[in-house]
Amino acid sequence: MKSEKPLGGRIFTIPFTIFFIIALISLYFLGKRFVLGLGAVTNLNDGYPWGIWITYDVVVGTAFACGGYATALLIYVFNKREYHPLMKSAILTSLLGYTMSSVAVFLDVGRYWQLYNIFLPWYGNVNSVLFEVALCIAVYTFVLWFEFAPTILAKFNLEKLQAALNKIMFILIALGVLLPTMHQSSLGSLMIVAGHKLYPLWWSSFLPLLYLISAVMMGYAVVMVESSISTLRYKLPDETEILGKIAKVLALLAGIFLVLRICDIALRGHFELIFKGDLLGNIFIIENVLLIVPVCMLAIPSNRKKPRVLFLSALSMMFSGGLLRFNSYLVGFNPGNGWHYFPAAPEIIITLGIIAIEIMVYIWCIKRLPVFQKA
Amino acid sequence: MEIRRRDFLKVVAGTTAMAVSPSLSFASSPGKKRLPGAMGMLYDATLCIGCEVCMVACRKANNLSPQPTGIQKLWDNPKNLSFETYNIIKKYQNGTGKVKDNEINGFSFVKSQCMHCVDPSCVSACPASAMTKDKETGVVSYNPEACIGCRYCQVACPFNIPKFEWDSPFPEIAKCEMCSHLQAKGEIPACCSECPTGATIFGPVESLLIEAKRRQNMEPGKYYYFPANSLKSGKTNEKSASKYIPRIYGETEIGGTQVLMLSGVPFNKIGLPDLPDRSYTSISENIQHTLYRGMILPVIIFGGLTYLVAKNKNNNE
């Protein structure tokens, strides 16, 4: 039987050093944020109180981190054993994605020193969508750490603990499927209350369902992209066959998503907004073309055997899902009254720093921990 | 091993029910009703002369620092509501701008402040219950001890009222709290007590609605008495009635507000958005409550998932 092994090799490669430098620069601006306030490093304002930290680091970030969720769904709920080789690396990216999102939330909230108020029963507001999202993401981040713990324990030869954890693992995995189902749909519900401030192409009472399907899609797309890159970069065994199977599931989901999306807009009577030729109409078209093209490509069986097609289709779907989130949180959001927002340079650098740290930890993990199956 | 069709269907049905049912149960639960003891304000743009005394009064009552703008920064002149400005008078102008309360070639003033919604988005949105609606008066207030600074109240508010302290390392949210500290002493909000023309008056929302309807039935050009400061003050001003837009802003908008507005110029021209009668809050709360009432649905799904995972995991190993 094949088993997972550390990939080994040097940690401080040239790309790693570049990520390291970006992370250092972002630390400087973070210092500024904590001494002078959010206004000193961001372009956030009273009209656009949420910028790229929430939109990218949290909303898009956790959707990119749905690989673990989507893969667990296939393996443990639909009992598709053949996908098991992808599980560990998918859990790792999910773990890093969610942990970094939690860090981003901490940096973004103004009154971080009392962030724990949400968890106090006398302060927590059960009517609030954000309360549910925050609680769910916090618990899920813990669950992911426990799901990944055996891999870390293996490095330190703690077999007893590993065995104990393995006994309750089924509960963790079940939670790991339930919690993202809850909060990934709620990330869509969050914008319902924005009402007239969100452009009708994105405001819909179906946002929770659309976000949920989209999150599962992004999960599979990320797994495909990540496997393709790792296979190339670290010369791992070829996984094209298994990825081709995932691609089939992905194309099916994307088809359902598109039908729902278009029907919803048509039924609400906003179909003509798509072809108005303005920025919002056009960006909606781009968002959906990035989905339609890969669906058409992947619908052809022979294409699902070509690594290049699989990689590019998955990448395109990742972008489409990212755009959906950017559009419904920022581009399509207009508070009126002349407010506008474009992220400030330090704001972007902090986001890049978070991504850099995420990648650095990922590289360390796969080189030092048994994550990938080696031939 | 094949997927068991029945297991597959159970999970699919469960998870889709979680996401679909709320979207379909759209029609139920119409949102919150007006409180019988709700206190509010009536702002009548046709009576407002733009003197901005209410803005000065608001500053004094709430200890807010002046906001000088322009090159010399000589006097208080805020451009917008902000962390230091809870109340502002703005001007609408069209064409020659000569006739008061005319949409074309006219002008009008408009007061901007927290509307104290019947079903407030900020209260529903706040994850830490920092925004609360008083159970008696319906005044919406803010508690910095609870606030985590997430700013979801700002995203949620249809009128963009809550303001954040962007340039502080220890920021708070700020907005009009209808001078609840003065109301506690039996006084009325500062902007109402200082308004010289009766453009802004204080009172129980039910009585204010009756007063607003009385004004809408007035014959334009004829002289009438208008109460000043509050409905109970006994003070009145005599003035010829203007031609009103036949609508009381806040009567039904977004489930109703406790600050009501009358105007001679269409409301969307003076910066008040066209809003549906149903509050957005009731839509999102409906979704949340359908899914998470008593956590029954999540627990059932969790049970099903645990069973499936335990079974499949054993098969795998």
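In the predicted model, helix α8 (residues 240–267) of chain A carries a series of buried residues, namely A:Leu243, A:Gly244, A:Ile246, A:Ala247, A:Leu250, A:Ala251, A:Leu253, A:Ala254, A:Phe257, A:Arg261 and A:Ile265. An α-helix has 3.6 residues a turn, so residues three or four places apart point the same way. The cover over the buried residues of α8(A) includes α7, α9 (279–299) and α10 of chain A. The length of α8(A) agrees with expectation, because its 28 residues at 1.5 Å a residue should span 40 Å and its end C-alpha atoms are 40 Å apart. Just beyond α8(A), A:Gly269 adopts a positive phi of about 80 degrees.

One of the buried residues of α8(A), A:Leu250, also belongs to the largest nonpolar core, which comprises 200 residues. Within this core, A:Met217, A:Ala221, A:Met224 and A:Leu250 touch the most other members. The greatest contribution comes from helix α7 (residues 207–234) of chain A, with 16 residues. Domain 1 (5–30 + 282–316) and domain 2 (39–277) of chain B both supply residues to this core, which therefore lies between them. When residues up to four places away in sequence are not counted, A:Met217 touches A:Leu250, A:Leu253, A:Ala254, A:Phe257, A:Met317 and A:Gly321.

Helix α10 (residues 307–331) of chain A contains A:Asn327. This residue, A:Asn327, counts as buried because 21 C-beta neighbours lie inside 10 Å, where the threshold is 20 or more. Apart from neighbours within four places in sequence, A:Asn327 is in contact with A:Trp202, A:Ile283, A:Glu287 and A:Gly332.

Helix α4 (residues 87–108) of chain A was examined in a similar manner. Its 22 residues should span 32 Å at 1.5 Å a residue, and the end C-alpha atoms of α4(A) are 31 Å apart, which agrees. Most of α4(A) is covered, with 17 of its 22 residues buried.

The contact between the chains draws 58 residues from chain A and 59 residues from chain B. On the side of chain A that touches chain B, at least two residues each are supplied by α1 (14–36), α3 (67–77), α5 (129–155), α6 (159–189) and α7 of chain A. Of the elements on that side, α6(A) gives the most, with 10 residues. Classified by residue type, this side of chain A has 34 nonpolar, 20 polar and four charged residues.

Chain B comprises 317 residues, of which 45% count as buried. Its secondary structure amounts to nine helices and 12 strands. Among the contacts in chain B with a separation of 6 or more, 61% involve residues 24 or more positions apart. The domain assignment divides chain B into domain 1 (5–30 + 282–316) and domain 2 (39–277). The centres of these two domains of chain B, taken over C-alpha atoms, are separated by 43 Å.

Helix α8 (residues 280–292) of chain B includes B:Asn286. The position of B:Asn286 is buried, because 21 other C-beta atoms lie within 10 Å and the cut-off is 20 or more. Although B:Asn286 and B:Gly31 are 255 residues apart along the chain, their C-alpha atoms are separated by 8.7 Å.

Strand pairing in chain B takes both parallel and antiparallel forms. Strand β1 (residues 39–44) of chain B and β12(B) run parallel and are joined by four bridges. In this pair, B:Leu42 stands opposite B:Leu260 of β12(B). Strand β12 (residues 259–262) of chain B is covered on both faces, with B:Val259 and B:Met261 buried on one side and B:Leu260 and B:Leu262 buried on the other. In a regular strand the side chains alternate between the two faces of the sheet.

An open sheet of three strands in chain B has the order β2-β4-β3 and mixed pairing. Its edge strands, β2 (88–93) and β3 (99–100) of chain B, each pair on one side only. Strand β4 (residues 106–112) of chain B runs antiparallel to β2(B), to which it is joined by six bridges. Across this pairing, B:Lys91 stands opposite B:Phe109 in β4(B).

Methods:
Residues are numbered from 1 along each chain as its sequence is written. Chains are lettered from A and ligands numbered from 1 in the order in which they are written. This is a predicted model: local features need pLDDT of at least 70, side-chain atom pairs count only at pLDDT 80 or more; totals for chains, interfaces and linings use all residues. A nonpolar core is a set of buried Ala, Val, Leu, Ile, Met, Phe, Trp, Tyr and Cys residues joined through C-beta atoms within 7 Å. A residue is buried if 20 or more other C-beta atoms lie within 10 Å of its own, exposed if 12 or fewer, and partly exposed in between; C-beta atoms are placed from the backbone. Domain bounds come from an automatic or database domain assignment. Two residues are in contact if their C-beta atoms, placed from the backbone, lie within 7 Å. Ala, Val, Leu, Ile, Met, Phe, Trp, Tyr, Cys and Pro count as nonpolar, Asp, Glu, Lys and Arg as charged, and the others, Gly among them, as polar. Two strands pair if DSSP finds at least two bridges between them. The expected span of a helix is 1.5 Å times one less than its number of residues.
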